[in-house]
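Subject: Model for you to look at

Hello,

Here is the structure we talked about passing on. Please open it alongside this note; what I found follows below.

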Amino acid sequence: MESKEVIIIIGATGGVGRALCAQLHARGASFILGGRNPEHLESLAKQYECPFVAGDATQSSYVDSLVKKAEETFGVLTGAVNLAGSILWKPAHITS
């Protein structure tokens, strides 16, 4: 028996995150949305009828809450994707 995919997507509301949600949804996977903006997450969650947790991905307690939400909702977690962040167009030595 094949088990269902249950994926955490941190940074779900960005362009790559939205595209990933569409692909996962098309293949029948379940997912938990993560990101900083609750309004954007709520809108995306309504579209895919999935749970979300808003927070700061730099905080380990936030990541723990996403794992807990996946386990409470689906009983299992099979994967996670971290798309949080942005592209920096400057050298590392001048990045704060």
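Helix 2 buries Leu-41, Leu-44, Ala-45 and Tyr-48. Seen down the axis of helix 2, these residues fall within an arc of 105°, so they line one face. The general rule applies here: an α-helix has 3.6 residues a turn, so residues three or four places apart point the same way. The face of helix 2 turned away from the buried side carries exposed Glu-39, Lys-46 and Gln-47. Cover for the buried residues of helix 2 includes helix 1, strand 2 and strand 3.

Bear in mind that this is a predicted model.

Now the loop that comes next. Glu-49 sits between helix 2 and strand 3. Its phi is positive, near 50°, and Glu-49 is not a glycine. Is Glu-49 buried or exposed? Glu-49 counts as exposed, because its relative accessibility is 74% and the cut-off for exposed is over 50%.

The overall fold

The protein has three helices and four strands. Their order from the N terminus is β-α-β-α-β-α-β. Along the principal axes, the C-alpha atoms fill a box of roughly 50 × 30 × 25 Å. The chain has 96 residues, and 30% of them count as buried. Take the contacts with a separation of 6 or more: 51% of these join residues 24 or more positions apart. The accessible surface is about 6300 Å². Carbon and sulfur atoms hold 53% of that surface. On charge, there are 8 positive and 9 negative side chains. The centres of the two sets lie 6 Å apart.

Helix 1

Helix 1 covers residues 15-26, 12 residues in total. From first C-alpha to last, helix 1 reaches 17 Å, close to the 16 Å expected at 1.5 Å a residue. Which residues of helix 1 are buried? They are Gly-17, Leu-20, Cys-21 and Leu-24. These cover an arc of only 105° around the axis, which puts them on the same side of helix 1. They pack against strand 1 (6-10), strand 2 (30-35), helix 2 (38-48) and strand 4 (79-82). On the face turned away from the buried side, helix 1 carries exposed Gly-15, Gln-23 and Ala-26. Gly-28 follows helix 1 and has a positive phi, near 85°.

Helix 3

Helix 3 runs over residues 60-74 and has 15 residues. Its first and last C-alpha atoms are 21 Å apart, close to the 21 Å expected at 1.5 Å a residue. Tyr-62, Leu-66 and Ala-70 are buried in helix 3. Looking down the axis of helix 3, the buried residues stay within an arc of 90°, so they line one face. What do the buried residues of helix 3 pack against? Their partners are strand 1, strand 2 and strand 3 (52-54). The face of helix 3 turned away from the buried side carries exposed Ser-60, Ser-61, Asp-64, Lys-68 and Glu-72. Just after helix 3, Gly-75 takes a positive phi of about 80°.

Val-67 is in helix 3. Val-67 counts as partly exposed, because its relative accessibility is 26%. Leaving aside neighbours within four places in sequence, Val-67 is in contact with Ile-8 and Leu-77. Ile-8 is 59 residues from Val-67 in sequence, yet their C-alpha atoms are 7.5 Å apart in space.

Val-76 belongs to the loop between helix 3 and strand 4. Val-76 also counts as partly exposed, because its relative accessibility is 36%. Not counting residues up to four places away in sequence, Val-76 touches Val-6, Ala-70 and Glu-71. Val-6 and Val-76 are 70 residues apart along the chain, and 6.9 Å separates their C-alpha atoms. Ala-70 is one of the buried residues of helix 3.

Best wishes

Notes:
Residues are numbered from 1 along each chain as its sequence is written. Side-chain values use heavy atoms; hydrogens and water are left out. Helices (H or I, at least four residues) and strands (E, at least two) are DSSP runs, numbered from the N terminus. Buried means under 20% relative accessible area, exposed over 50%, partly exposed in between (1.4 Å probe, protein chains only). Contact means heavy atoms within 4.5 Å. Accessible areas come from the Shrake-Rupley method with a 1.4 Å probe; for residues, only the protein chains shown count as cover. Lys and Arg count as positive and Asp and Glu as negative; His and the chain ends are not counted. The place of a charge is taken as NZ of Lys, CZ of Arg, CG of Asp or CD of Glu. The expected span of a helix is 1.5 Å times one less than its number of residues. The arc is that of the directions from the helix axis to the C-beta atoms.
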